[in-house]
Amino acid sequence: MSTAVPPVAMSTPPESGTLDVQRFLNTQPFSSYQWLVFGVCFLIVLLDGFDTAAIGYIAPSLLGEWGIAKPALAPVLSAALFGLAGGAMAAGPLADRLGRKAVLVAAVLVMGGACLASAFSGDLSTLTVWRFVTGLGLGAAMPNAVTLMSEYCPDSRRAVITNTMFCGFPLGAAFGGFLAAWMIPQFGWRSVLILGGVVPLLLALVMVFALPESARYMVSRGYSADRLRRVLRRINPSADQAQRFVLPESAPSSAQGQQSGVALVMSGRYLVGTLMLWVAYFMGLVIFYGLVNWMPVLFKEAGVPQAQATLIAALFSLGGVGAIFFGFLMDRFNANIIVGVGFALTAVAVALIGQATGGIATLMLAVFVAGVIMNTSQSSLPSLAAAFYPTQGRATGVSWMMAFGRFGGIAGSFLVAELARRKMGFEGVFLTMALPALIAAAALFVKQWVHPERKANRVSFEDVTGH
């Protein structure tokens with residue numbers, strides 16, 4: 001990582017009393033206050049991963065308790081994904097208009113309350129409805145956590161810090177698998193959903209008092225200097241001396257700066273990159289949800305005991321910790337190429353799971369390796385999107401990429417259900433699920449071709465707007 005400039009470098013603001021917020025963040029050591037933002041956002045994303053994956057881990061229990069056929073699981077497995085798409089679509093523009101914190105707190109309250117309510121469902125239809133509502137909260141929470149964290153990062157470490165935070169999602173999904181393997185035999189499948197509901201409700205209370213609004217957002221929306229000083233002095237007391245705060249952006253004109261988040265994200269300057277990010281995220285989630293939701297069932301059908309099948313499937317999500325390494329590379333080299341190559345390798349790794357018929361140990365290794373590569377690539381996309389858009393459209397850009405991607409999760413769940421209905425073999429299922437990774441890789445190479453100047457999309461200091 002780059003060596004931080006000592007605090008003395010910003011001991012006094014410029015003589016004009018003007019403080020460039022991003023330059024301030026770039027020249028300070030990463031403070032305990034920023035670590036607080038990181039910790040809260042990491043927990044939000046971890047709980048998001050836990051709640052999202054929970055339904056896949058309890059699916060085998062639902063088959064037995066309610067006496068339903070496998071294809072009947074498709075609606076409940078995908079219900080949260082429809083909610084995720086709707087929540088993300090609405091939350092991005094709202095966060096660009098109302099602020100990151102308010103939307104985050106509301107989202108965590110919704111996801112916790114609905115997950116808790118789903119634990120008391122008496123039939124598949126009721127569970128499907130509550131999973132949809134849970135998804136609304138999940139969809140709003142994660143992209144705004146990514147946006148808030150990225151806006152408190154120095155440019156030189158934005159990708160590695162944001163990717164590290166986003167590792168909470170696959171870790172939460174994996175943690176849910178390990179907990180489910182222990183909790184379901186002891187307390188039943190409902191206990192997993194109760195845990196997934198209570199913890200977010202407690203976290204929301206902490207967020208109300210501990211989580212700050214994004215300083216970059218406050219500057220872009222013209223918040224008072226007093227309010228900005230109260231936040232930035234927690235990073236370094238020298239901010240108390242500033243009378244005016246400005247924000248560097250890569251926007252080419254003040255007119256663009258007045259665009260809504262939606263208009264900016266869909267403008268000609270960003271359109272191709274936006275579409276390619278959508279395609280990549282969509283295809284990645286075809287793989288992730290198709291496999292996370294169905295691997296426990298597929299492995300059980302292949303003769304693996306249920307408890308072992310759940311644990312092995314959980315290894316796939318655990319592999320996302322590799323995103324930290326990708327973040328390190330993305331901060332130093334071409335981020336589009338790094339992530340694109342990761343998806344190309346994902347295609348090979350997922351196909352190899354279908355060849356792993358030599359025993360439990362071989363299957364575990366194949367699932368873990370595929371999970372490392374796939375989740376590392378997928379977990380890097382929010383950071384890539386956050387770096388691509390300026391402040392006034394960042395929440396919308398990240399949220400809408402995730403919203404469109406959720407339809408990939410829906411497609412993945414139904415795709416594997418259809419492959420199972422057609423009685424496709426174990427090897428054929430995983431070979432089919434490898435193809436979306438090749439499409440994701442191609443999309444990122446197209447993005448790099450159209451936006452070559454955005455190698456790492458570092459924020460320029462050429463255009464400054466003051467508030």
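**Helix packing and buried sites in a predicted model**

Helix 16 crosses helix 17 with left-handed geometry. The crossing belongs to a predicted model, and it can be described further. Two packed helices are characterised by the angle their axes make and by the distance separating those axes. Here helix 16 spans residues 335-353 and helix 17 spans residues 360-388; their axes come within 8 Å and cross at roughly 155 degrees. An angle over 145 degrees counts as roughly antiparallel, and helix 16 and helix 17 are therefore roughly antiparallel to each other.

The residues that make this contact can be listed for each partner. Helix 16 contributes Ala335, Asn336, Val339, Gly342, Phe343, Leu345, Thr346, Ala349, Val350, Leu352 and Ile353. From helix 17 come Leu363, Ala366, Val367, Ala370, Ile373, Met374, Ser377, Gln378, Ser380, Leu381 and Leu384. Sorted by class, the contact holds 16 nonpolar and 6 polar residues, with no charged residues. For reading such lists, an α-helix has 3.6 residues a turn, so residues three or four places apart point the same way.

Helix 6 covers residues 158-166 and is mostly covered, with 8 of its 9 residues buried. The buried residues are Arg158, Ala159, Val160, Ile161, Thr162, Asn163, Met165 and Phe166. Between helix 5 (124-150) and helix 6 runs a loop that contains glutamate 151. Is this glutamate 151 buried or exposed? Its relative accessibility is 0%, so glutamate 151 counts as buried, the cut-off being under 20%. Apart from neighbours within four places in sequence, glutamate 151 is in contact with Leu25, Arg100, Ser214, Arg216, Tyr217, Thr391 and Arg394.

As for disulfides, a search of the whole structure finds 0.

These details sit within a protein chain of 19 helices and 3 strands. Of the 467 residues in the chain, 60% are buried. Among contacts in the chain with a separation of 6 or more, 84% are between residues 24 or more positions apart.

Note on methods
Residues are numbered from 1 along each chain as its sequence is written. This is a predicted model: local features need pLDDT of at least 70, side-chain atom pairs count only at pLDDT 80 or more; totals for chains, interfaces and linings use all residues. Side-chain values use heavy atoms; hydrogens and water are left out. Axes are lines fitted to C-alpha atoms, for helices over the stretch in contact, and angles run from 0 to 180 degrees between N-to-C directions. Helices (H or I, at least four residues) and strands (E, at least two) are DSSP runs, numbered from the N terminus. Angles under 35 degrees count as roughly parallel, over 145 as roughly antiparallel, 65 to 115 as roughly perpendicular and the rest as oblique. A crossing is left-handed if the near helix is turned anticlockwise from the far one by less than a right angle, and right-handed if clockwise. Contact means heavy atoms within 4.5 Å. Ala, Val, Leu, Ile, Met, Phe, Trp, Tyr, Cys and Pro count as nonpolar, Asp, Glu, Lys and Arg as charged, and the others, Gly among them, as polar. Buried means under 20% relative accessible area, exposed over 50%, partly exposed in between (1.4 Å probe, protein chains only). A disulfide is a pair of cysteine sulfur atoms within 2.5 Å.
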